[in-house]
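Me: I am new to this structure and would like to go through it by question and answer. Please show it first.

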Amino acid sequence: MPELPEVETIAQGLKPLLLGRVIARARVLDPISTPQGADLFARRLAKARIRDVRRRAKLLLLDLERPGKPDLFLAVHLRMTGGLVADLDSDEVRRFSRVRFELADGGSFVFTDIRRFGTCLALTAPELASWPFFATLGPEPLEMDAEGFVGRFQGRNKAVKAALLDQTVLAGVGNIYADESLFRAGIRPMAKAASLSAPRLQGLHRHLQEVLAQAIRENGSSIRDYRDAGGNAGAFQNSFRVYGRAGEPCVVCGTKLRGTKVGGRSTTYCPKCQKG
Ligand SMILES: [Zn+2]
């Protein structure tokens with residue numbers, strides 16, 4: 001599932017390709033991807049000019065302007081297997097295209113989704129602001145200082161990993177970067193957030209920022225279906241220390257890594273390096 005670094009990589013890759021270009025029309029190939037209805041979605045996007053391509057949490061946002069009409073946002077929620085690629089024609093893109101955005105100058109970009117859980121929404125500014133999912137998102141982890149981060153975890157009586165995954169506490173972190181940052185910080189995923197001292201939470205803040213920044217530099221983690229805007233794989237999966245490695249030896253101490261569930265999500269940790 002694409003998390004913050006993967007969505008950021010897609011946004012950074014698309015931005016130079018799409019900035020200033022005009023959507024001539026949106027061709028909805030699979031209506032399940034446009035819960036507003038294919039007609040309304042397509043009508044809203046016609047003749048919209050792309051002003052910005054960015055990320056908020058795990059959402060891709062295209063800022064759009066339309067002649068004589070209110071500004072619009074194309075919000076793309078990738079969920080499990082969604083992707084957004086520009087000017088790319090491959091068998092896989094053709095097979096899993098759900099929405100094709102045809103550009104006025106002849107190019108295109110495409111929303112692809114193998115498992116079809118992802119969605120594309122065309123929203124006005126008030127609609128975006130009042131969308132409950134969007135309105136309740138917590139702050140961006142790369143834009144928080146240590147003090148703000150500690151404050152969001154202190155007093156929370158749930159597992160620290162469950163708090164990291166809670167999008168209202170912090171936006172954009174999923175299973176991969178939760179496990180990897182907790183390992184680097186030496187904190188057990190099931191430790192109650194409220195039981196952790198401020199210095200340990202400050203350590204988690206630092207390691208989470210480092211791991212996210214490194215993953216963005218390496219164009220994200222390609223497990224299963226994630227590809228960047230040009231259809232290429234990321235490289236951060238080669239830097240995983242715990243994620244998906246249950247039963248294998250810890251890279252630091254050699255102890256066998258343990259697999260468990262925290263908040264219903266599969267979780268891997270080192271019983272020696274990570275303390276409660
Ligand atoms: Zn270890």
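Me: How many residues of domain 1 are in contact with domain 2?
Reply: This is a predicted model, in which local features need pLDDT of at least 70, side-chain atom pairs count only at pLDDT 80 or more, and totals for chains, interfaces and linings use all residues. Residues are numbered from 1 along each chain as its sequence is written. Domain 1 covers 4-135 and domain 2 covers 141-239, with bounds from an automatic or database domain assignment. Counting two residues as in contact if their C-beta atoms, placed from the backbone, lie within 7 Å, 21 residues of domain 2 meet a set in domain 1 that numbers 19.

Me: Which element gives the most to the side of domain 1 that touches domain 2?
Reply: Helices (H or I, at least four residues) and strands (E, at least two) are DSSP runs, numbered from the N terminus. Two elements give two or more residues to this side, α1 and β5 (82-86). The most, 9 residues, comes from α1.

Me: Where does Gly13 lie, and which residues does Gly13 touch?
Reply: Gly13 lies in helix α1. Gly13 is buried because 21 other C-beta atoms are within 10 Å; the cut-offs are 20 or more for buried, 12 or fewer for exposed and partly exposed in between, with C-beta atoms placed from the backbone. Gly13 and Ala229 are 216 residues apart in sequence, yet 5.4 Å apart in space, C-alpha to C-alpha. Leaving out residues up to four places away in sequence, Gly13 touches Asp228, Ala229 and Gly230.

Me: Which elements do the buried residues of α9 pack against?
Reply: The buried residues of α9 are Leu201, Leu204, His205, Leu208, Val211, Leu212 and Ala215. Down the helix axis they fall within an arc of 140 degrees, so they line one face of α9; the arc is that of the directions from the axis to the C-beta atoms. On the other side, Pro199 and Arg217 are exposed. The buried residues pack against α1 (4-18), α6 (146-153) and α8 (175-185).

Me: How many residues has the largest nonpolar core?
Reply: A nonpolar core is a set of buried Ala, Val, Leu, Ile, Met, Phe, Trp, Tyr and Cys residues joined through C-beta atoms within 7 Å. Among the residues with the most contacts inside the largest one are Leu14, Leu60 and Tyr177. This core draws at least three residues from each of domain 1 and domain 2. The number of residues in the core is 71.
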